[in-house]
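Here is a briefing on one protein model. Please look it over with the chain in view.

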Amino acid sequence: MLTALWVLPLLGAVAALIAPRGSASAARVVALLASLAAFALSVVVAVRFVPGAMGYQFVESATWIPRFGAGYVLGVDGVALTLVLLTTVLVPLLLLAGWRDVEGRGAASRRPHTYVALILVVESMVLVSLLSLDILLFYVFFEAMLVPMYFLVGGFGPRVGAARAAAVKFLLYNLAGGLVMLAAVIGLYAVTAAEGSPFSAGTFDVRAIADAAATGDLGASPSVINAIFLGFLVAFAVKAPLWPLHTWLPGAAVESTPATAVLMMAIVDKVGTFGMLRYCLQLFPDASATFAPWIVGLAVIGIVYGAILAIGSTDMMRLIAYTSISHFGFIVLGIFALTAQAQAGSTLYMLNHGIATAALFLVAGFLVARRGTAEIADYGGVGRTAPVLAGTFLIAGLATLSLPGLAPFVSEFLVLVGTYARYEVAAVVAAVALVLSAVYILWLYQRVMTGPTTEADRRIRDLVPRELVVVAPLLVLVVGLGVYPKPMLDVITPAVDRTSVQPVEQGVAAP
């Protein structure tokens, strides 16, 4: 079932590519149907998933490279399931949102085919990364997803030259992080294959390595383990993105189509924070405890830094991109606070941030597409001419600033409470930084949606049915998860307790 889950989007990508030339609608419909099929299958997995069961579920295992102990091993726990659902929910909505983003005639008639196919390929690779229980398999797809993302950013952005430059920067940053991680993967394999290790031969199996790490039996010196941990961390910090490795994100988000930007910020970047939970904490509990204070410090800097840059932004899309840097700081803070509450809140935050950011960025994208500019100063009084657009923008914005009753509030609250138990100063600074989020969101809404209506804004039309179909489910999820987050927490908490907190606490004598 897990293999079918990631293969379905890949088959949809192939079908979209071979759709008849000039039939962009056929390619889009095929891609949408494939993404909906993947979503339906993810719902089946979620319904059959048992939250309190030990270990990974729906495990599939086959030999891949026996000489090196690498296998095709898939499995799902509560953390992975949460992000799988986020991915399969968002991709159909992104395909709908970007239905008219790319058009082509003549020689460029296949551009829509390529665009939707690349989105499905990214979805497929993200799903493999989330489901993999083999480190080498994870690494291959973790790096491979950079290729379709590079072409999505550089090949379909509205400003060709700037989009290509942003795509190159995105690729270079992530490739550099990936090369560091490759060295760490090789180093970890060497540790498992060395004499004195608890393994009869080298292995990439996450479960076996995690069990050995939890009991301190990996058989390598602390300095070696620390170096391998940092190799994994650097790659995940670039992908996340964590300050100061974040500089590729604003340009890539602004120069992409809105659907591509959301795919990047809400889905692809989550693989970085997911990797911190599954690999950094689970495989290297002692190293995680050693470096946690430093990583918490970087996370707090990112929270404040992203919020301040968002306040100073004059471009609407860049402002929203900077808010993601701040929010990813909260996610990383929760992961390395090393408490059950903070890590459960961080995992829930990955889900809630993806939904809220998708809603805000897509609505802003609809507005920019109508007006032809992202400069905040060019707008005024849009709420009078497009009240539904303004209302959805407000709800998505309030979710982004974590208003109580909306989804991100619950996760942010858990992160702060859990962090305060171990790092009081970091929690206080992060809580104070929440005021900054209110500043940039409310100022943005005030300047764009209220005040005198400009002449150009009087011609802005309200959301059309297709756009409402995209936004409505996101807002329903924002409100629903804000009022009743228990179903997701019931799935997340046992997995976090089992895979993250217990190994870490075995490596730490006292908080």
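Predicted model: local features only at pLDDT ≥ 70, side-chain atom pairs only at ≥ 80, totals over all residues.

Residues are numbered from 1 along each chain as its sequence is written, and side-chain values use heavy atoms, with hydrogens and water left out. A search of the whole structure finds three cavities of 30 Å³ or more.

**Aromatic rings**

- A pair of aromatic rings is described by the distance of the centres and the angle of the planes.
- Planes under 30 degrees apart count as stacked, over 60 as edge-to-face and the rest as tilted.
- Phe 138 and Phe 236 have ring centres 6.0 Å apart and planes at 70°, so this pair is edge-to-face.
- Phe 138 lies in helix α5 (residues 135-144) and Phe 236 in helix α9 (residues 222-239), so the pair ties together parts that are 98 residues apart in sequence.
- Helices here are DSSP runs (H or I, at least four residues), numbered from the N terminus.
- Both Phe 138 and Phe 236 are buried; buried means under 20% relative accessible area, with a 1.4 Å probe and protein chains only.
- Phe 138 also pairs with Tyr 279: the centres are 4.6 Å apart and the planes at 40°, so the pair is tilted.
- Tyr 279 lies in helix α12 (residues 270-283) and Phe 138 in α5, so this pair ties together parts that are 141 residues apart in sequence.
- Phe 138 has a relative accessible area of 0%, and Tyr 279 has a relative accessible area of 0%.
- One aromatic cluster is formed by Phe 138, Phe 142, Phe 229, Phe 232, Phe 236, Tyr 279, Phe 284 and Phe 291.

**Charges over rings**

- The charged end of Lys 239 sits over the ring of Phe 142, 4.4 Å from its centre.
- Arg 67 places its charged end over the ring of Phe 68, 5.6 Å from the centre.
- The test asks for NZ of Lys or CZ of Arg within 6 Å of the ring centre and within 35 degrees of the ring normal.

**Helix α17**

- Helix α17 (residues 387-400) has 14 residues.
- From first C-alpha to last, α17 reaches 20 Å, close to the 20 Å expected at 1.5 Å a residue; the expected span is 1.5 Å times one less than the number of residues.
- Buried residues of α17 include Leu 389, Phe 393 and Thr 400.
- The buried residues of α17 pack against α14 (316-336), α15 (340-371), α16 (382-385), α18 (407-420), α19 (424-449) and α20 (465-483).
- Just after α17, Ser 402 takes a positive phi of about 65°.

- Leu 249 lies in helix α10 (residues 248-254) and is buried, with a relative accessible area of 0%.
- Leaving aside neighbours within four places in sequence, Leu 249 is in contact (heavy atoms within 4.5 Å) with residues including Pro 241, Met 264 and Ile 325.
- Ser 346 lies in helix α15 and counts as buried at 0% relative accessibility.
- Not counting residues up to four places away in sequence, Ser 346 touches Ile 331, Gly 334, Ile 335 and Val 415.
- Val 410 is found in helix α18 and counts as buried at 15% relative accessibility.
- Val 410 touches Leu 348, Leu 481, Gly 482 and Pro 485, not counting residues up to four places away in sequence.

**Cavities and pockets**

- On a 1 Å grid over the protein atoms alone, a cavity is a set of points where a 1.4 Å probe fits but cannot get out.
- A pocket is an open set with protein on both sides within 12 Å along at least five of seven lines.
- Lining residues have an atom within 4 Å of a point.
- Grid points are joined across faces, edges and corners, and a volume is the space filled by probe spheres set on the points.
- The largest cavity holds about 60 Å³ of space.
- α19 gives the most to the lining of the largest cavity, with four residues.
- The largest pocket holds about 700 Å³ of space.
- Of the 32 residues that line the largest pocket, the closest to its centre are Asp 101, Pro 258, Gly 365, Val 368 and Ala 369.
- α15 supplies the largest share of the lining of the largest pocket, seven residues.

Definitions and conventions:
Helix = DSSP H or I, 4+ residues; strand = E, 2+ residues; numbered from the N terminus. Buried < 20%, exposed > 50% of the residue type's maximum accessible area, 1.4 Å probe, protein only. Phe/Tyr/Trp six-rings, centres within 6.5 Å; stacked < 30°, edge-to-face > 60°.
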